[in-house]
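Here is a briefing on a single structure. Please keep the model open while reading.

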Amino acid sequence: MPEQARKMSEVMKEMSETLLRNPGGVPSSEAAHVALFFANVTWNESVGIDGAREGYRNVWETIEAENPELWNEFKSNDINAMIDELVRYKKAHYPDDRRRILTCGIPDGKVRVEWLPPAAPGVDSKWEMHLYYGLVRTGARDKAISFLQDTRQMSRSDAAKKVAIVAVELGMK
């Protein structure tokens, strides 16, 4: 199976497990979530979504504060070094896979990933992610319409049509 065709949930699980001291074992819920979170941050950083690492630092700092022993399950407690290791892993194993992750988590004990295809040439990936995830995915459709009007000089009607298309692409009604 070509690497591009692999399910993102499998790829994220594989990447996250490389950070754990016992990759074949069963990590605590916190360690599994944090490792998966690092894989998600790494992936998006690797496909050009800047600021992911620093923008989400408060997430793992909050988890760490609640469970300082969390790091015992990881190969290291140097977060930047672990993310750098994952960047190298992604480049080595999935160099041409440019999908962008919208959401990544472990509901009901299974890794679940929602993703967007690679950004089209000339499309600002960060802008598009803001539209898809920051606005449409969270239900802020009026803000998404205004965002399109402001950033792409679309008419309200055209912006509303685009938002409706994005919602369908995301599996929303």
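This is a predicted model: local features need pLDDT of at least 70, side-chain atom pairs count only at pLDDT 80 or more; totals for chains, interfaces and linings use all residues.

The structure holds five aromatic pairs. Helix α1 is mostly covered.

**Helix α1 and its cover**

- Helix α1 spans residues 8-17, and seven of its ten residues are buried.
- The buried residues of α1 are Met 8, Ser 9, Val 11, Met 12, Glu 14, Met 15 and Ser 16.
- Their cover includes helices α2 and α5 as well as strands β1 and β2.

**Packing of α1 on α2**

- Two packed helices are described by the angle between their axes and the distance between the axes.
- For α1 and α2, the angle is about 110 degrees and the axes lie 8 Å apart.
- That angle makes α1 roughly perpendicular to α2.
- Trp 43 is buried, with a relative accessible area of 0%.

**Packing of α7 on α8**

- Helix α7 covers residues 141-152, and helix α8 covers residues 156-169.
- Their axes come within 9 Å and cross at roughly 125 degrees.
- The angle makes α7 oblique to α8.
- Helix α7 contributes Arg 141, Asp 142, Ala 144, Ile 145, Leu 148 and Gln 149 to the contact.
- Helix α8 contributes Arg 156, Ala 159, Ala 160, Lys 162, Val 163 and Ala 167.

**Aromatic rings**

- A pair of aromatic rings is described by the distance of the centres and the angle of the planes.
- Among the five aromatic pairs is the tilted pair of Phe 37 and Phe 38, at 6.5 Å centre to centre and 50 degrees between the planes.
- Both Phe 37 and Phe 38 are buried.
- Trp 43 and Tyr 94 form a tilted pair too, with 6.0 Å between centres and 55 degrees between planes.
- Trp 43 sits in helix α2 (residues 29-46), while Tyr 94 sits in the loop between α5 (79-93) and β1 (100-105), so their pair ties together parts that are 51 residues apart in sequence.
- Tyr 94 counts as buried, at 2% relative accessibility.
- Ring pairs also join Phe 37, Phe 38, Trp 71 and Phe 74 into a cluster.

**Charges over rings**

- Lys 90 lies over the face of Trp 43, at 4.6 Å from the ring centre.
- Arg 99 takes up such a place over the face of Trp 115, at 4.9 Å from the ring centre.

**Positive phi**

- Most residues other than glycine have a negative phi.
- Asp 108 has a positive phi of about 55 degrees, although it is not a glycine.
- Asp 108 lies in the loop between β1 and β2 (112-116).
- Asp 108 is exposed, with a relative accessible area of 81%.
- Gln 153, also not a glycine, has a positive phi of about 50 degrees.
- Gln 153 lies in the loop between α7 and α8.
- Gln 153 is exposed, with a relative accessible area of 62%.

**Separations along the chain**

- Val 136 is found in helix α6 (residues 125-136).
- Val 136 is buried, with a relative accessible area of 0%.
- Val 136 and Val 166 are 30 residues apart along the chain, and their C-alpha atoms are separated by 7.2 Å.
- Leaving aside neighbours within four places in sequence, Val 136 is in contact with Leu 131, Ala 144, Val 163, Val 166, Ala 167, Leu 170 and Met 172.
- Arg 88 is placed in helix α5.
- Arg 88 is exposed, with a relative accessible area of 54%.
- Arg 88 and Asn 58 are 30 residues apart along the chain, and their C-alpha atoms are separated by 24 Å.

Methods:
Residues are numbered from 1 along each chain as its sequence is written. Side-chain values use heavy atoms; hydrogens and water are left out. Rings of Phe, Tyr and Trp (its six-membered ring) pair if their centres lie within 6.5 Å; planes under 30 degrees apart count as stacked, over 60 as edge-to-face and the rest as tilted. Buried means under 20% relative accessible area, exposed over 50%, partly exposed in between (1.4 Å probe, protein chains only). Helices (H or I, at least four residues) and strands (E, at least two) are DSSP runs, numbered from the N terminus. A charge sits over a ring if NZ of Lys or CZ of Arg is within 6 Å of the ring centre and within 35 degrees of the ring normal. Axes are lines fitted to C-alpha atoms, for helices over the stretch in contact, and angles run from 0 to 180 degrees between N-to-C directions. Angles under 35 degrees count as roughly parallel, over 145 as roughly antiparallel, 65 to 115 as roughly perpendicular and the rest as oblique. Contact means heavy atoms within 4.5 Å.
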